[in-house]
Amino acid sequence: MVAAGAALADEVGFARLTMGLLAERLGVRTPSLYKHVSGQDDLNRRIAALAVSEAADAVGGAVQGYAGRDALGAAARAFRAFVVDHPGRYAATIGVEPTGPDDPMAVASLRLLGAFRAVLRGYAIAEPDVDHALRMLRSLCHGFATLQAGGGFQWSADIDESFEWLIAFADRGLRAV
């Protein structure tokens, strides 16, 4: 049911996802959904955890066997592809705070951060600066991908070329730290 909700969020937009719409999609009555989730907030949190877990799988798998700029590029491309392909479920992740260390959102978030930390091991980043570097990477990747997913690049320059430029820019910055 959560996967169906995530797919529906990708289709109609996370802001438009409701229990009623999901029930209609599944061919059941809305009260039947309460056997699986406690309500809209629970469904949203589960979609968010699923999305972060899927993003962690994509990024973690992409960086395997790479280091430095190659790992950075692989991670950034995988993250961007995930967001562009799954804009609704990714939107569910924004602003969700884990309720504790065992929360599926916390577990998945640590996996995703671990994949990006692996990228940073290819650079001479001092330990006190790792959090800053992670935030920079998240901001670059998140910003570009969400703008693209939302149709925010309406001018003539090739989007893929712009993204490769972003990767090269981030690589130069990480090497300069």
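**Reading burial, contacts and helix packing**

Colleague: Is Tyr123 buried or exposed, and what is its relative accessible area?

Modeller: Tyr123 is buried, its relative accessible area being 9%. Buried means under 20% relative accessible area, exposed over 50%, and partly exposed in between, with a 1.4 Å probe and protein chains only. This is a predicted model, in which local features need pLDDT of at least 70 and side-chain atom pairs count only at pLDDT 80 or more, while totals for chains, interfaces and linings use all residues. Residues are numbered from 1 along each chain as its sequence is written, and side-chain values use heavy atoms, with hydrogens and water left out.

Colleague: Where in the fold is Tyr123 placed?

Modeller: Tyr123 lies in the loop between helix 7 and helix 8. Helices (H or I, at least four residues) and strands (E, at least two) are DSSP runs, numbered from the N terminus.

Colleague: Which residues is Tyr123 in contact with, leaving aside its neighbours within four places in sequence?

Modeller: With those neighbours set aside, the partners of Tyr123 are Gly68, Arg69, Leu72, Asp171, Leu174 and Arg175; contact means heavy atoms within 4.5 Å. Take Arg69 as one of these partners. From C-alpha to C-alpha, Arg69 and Tyr123 are 8.9 Å apart in space, although 54 residues apart in sequence.

Colleague: How should I read a second residue, Asn44: is Asn44 buried or exposed?

Modeller: Asn44 is buried, with a relative accessible area of 18%. Asn44 is found in helix 4. Not counting residues up to four places away in sequence, Asn44 touches Phe14, Leu17 and Ala92.

Colleague: Let us turn to the protein as a whole. How many helices and strands does the protein have?

Modeller: The count is nine helices and zero strands. Read from the N terminus on, the order of the elements is α-α-α-α-α-α-α-α-α. As for extent, a box of roughly 55 × 45 × 25 Å along the principal axes is filled by the C-alpha atoms.

Colleague: What percentage of the residues of the protein count as buried?

Modeller: Of 177 residues, 39% count as buried. Tyr123 is buried, and so is Asn44.

Colleague: Among contacts between residues at least 6 apart in sequence, what percentage join residues at least 24 apart?

Modeller: In this protein 65% of such contacts join residues at least 24 apart.

Colleague: Next, helix packing. At what angle do helix 1 and helix 2 pack, and how far apart are their axes?

Modeller: Axes are lines fitted to C-alpha atoms, for helices over the stretch in contact, and angles run from 0 to 180 degrees between N-to-C directions. Helix 1 (residues 2-12) packs against helix 2 (residues 19-26) at an angle of about 110°, and their axes are 10 Å apart. The two helices are therefore roughly perpendicular to each other. Angles of 65 to 115 degrees count as roughly perpendicular, under 35 as roughly parallel, over 145 as roughly antiparallel and the rest as oblique.

Colleague: Which residues of helix 1 and helix 2 make the contact?

Modeller: Helix 1 contributes Ala4, Gly5, Leu8, Glu11 and Val12, while helix 2 contributes Leu21, Leu22, Arg25 and Leu26.

Colleague: How do the residues of this contact divide into nonpolar, polar and charged?

Modeller: Between helix 1 and helix 2, the contact holds six nonpolar residues, one polar and two charged. Ala, Val, Leu, Ile, Met, Phe, Trp, Tyr, Cys and Pro count as nonpolar, Asp, Glu, Lys and Arg as charged, and the others, Gly among them, as polar.
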